[in-house]
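Open the model in your viewer and keep the sequence at hand. This tour goes from one selection to the next and says what is there.

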Amino acid sequence: MIDEIARNVARVQERIAAACRRAGRRPEEVRLVAVSKIVPPERIREAYDSGLRDFGENRVQEAEAKRPALTGLDPTWHLIGHLQTNKARTARELFGWIHSVDSLRLAEKLHRGADAGTAELAPLPVLIEVNIGGEGAKSGVEEGAALDLARGISALGSLALLGLMAVPPYSDDPEAARPYFSRLRRLGKVIDSARLPNVRMDELSMGMSHDFEVAIEEGATLVRIGTAIFGARP
Ligand SMILES: *Cc1c(COP(=O)(O)O)cnc(C)c1O
């Protein structure tokens, strides 16, 4: 058990580097976001001590509860799960990135969350979550509505729209996710070519423990990895 997390982190980083080599990309282009939902603070601390500086949580309440036990650490926190509008203000305080913006109403709430505190807050990096598989029960905007949402966010000066995020339909076979990843990349290009102010579609948050190598081959710049670092969740 000793150094299990450090070993897992090293192994994941090797796999990221190998996927980058296959795709002719540099490993620095891919940011490893360690998904620490359900993971207790001591184990998050171990991952931090092994060098990780990006952590993802999917629930505002859980992140808020764990934060006091994580003082002294200074990672970038990413919100990767669905965000309710009534938690937008708290989310803005707790997270450095929001991957899951899926409505203009939510974006507006995040934007207004800013003028509560300091006026000169740095723009908050946000991504639009796209329901890339068109699945009924999944969060995210429909593919066809993403450009309009980007236009809306573009007008909100305290938000910096940096790209797209998606969770493709689940399959045991990572190759099944490839067409969805490549669709997300093409959608990013379409939005980028609209040349909206405050919008720079450089980032693609895609790929989880079972399919991150395929995601990297298809252009992921942020991979969200939980199980492969912390072990299976109960
Ligand atoms: C839990 C979660 C992950 C990480 O999943 P693993 O399979 O454990 O790597 C990634 N993205 C989102 C949105 C999640 O909720």
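Predicted model: local features only at pLDDT ≥ 70, side-chain atom pairs only at ≥ 80, totals over all residues.

Which element gives the largest share of the lining of the second largest pocket?

Select Arg-25, Arg-185, Gly-188, Lys-189, Asp-192, Met-201, Asp-202, Leu-204, Gly-219 and Thr-221, which line the second largest pocket. Helix H7 (178-192) and strand E7 (199-205) are the elements that give two or more residues to this lining. The largest share, four residues, comes from H7. By class, the lining holds five charged, three polar and two nonpolar residues. The volume of this pocket is about 160 Å³.

Next, go to the largest pocket, with about 340 Å³ of space. Its lining is made up of 19 residues. Select Lys-37, Ile-80, Val-167, Met-208 and Arg-224 to see those nearest the centre. Eight residues of the lining are polar, six nonpolar and five charged.

Now show the ligand, which sits in the largest pocket. For the shell around it, select Val-35, Lys-37, Ile-80, Met-165, Val-167, Met-208, Ser-209, Arg-224, Ile-225, Gly-226, Thr-227 and Arg-233. Six of these shell residues are nonpolar, three are polar and three are charged.

- Gly-226: a backbone N or O atom lies 2.8 Å from a ligand oxygen.
- Thr-227: an N or O atom of the side chain is 2.6 Å from a ligand oxygen.
- Arg-233: a polar side-chain atom lies 2.8 Å from a ligand oxygen.

On its own the ligand has 390 Å² of accessible area, and the protein covers 89% of that.

Terms used. Residues numbered from 1 in each chain as written. Heavy atoms only, no water. Near = heavy atom within 4 Å. Polar contact = N/O pair within 3.5 Å; in protein donor to acceptor, adjacent residues only side chain to side chain. Areas by Shrake-Rupley, 256 points an atom, 1.4 Å probe, with all protein chains shown as cover. 1 Å grid on protein atoms, 1.4 Å probe; cavity = no way out; pocket = protein on both sides within 12 Å on 5 of 7 lines; lining within 4 Å. Sits in = over half its atoms within 2 Å of the grid points. Nonpolar A, V, L, I, M, F, W, Y, C, P; charged D, E, K, R; others polar. Points joined across faces, edges and corners; volume = space filled by probe spheres on them.
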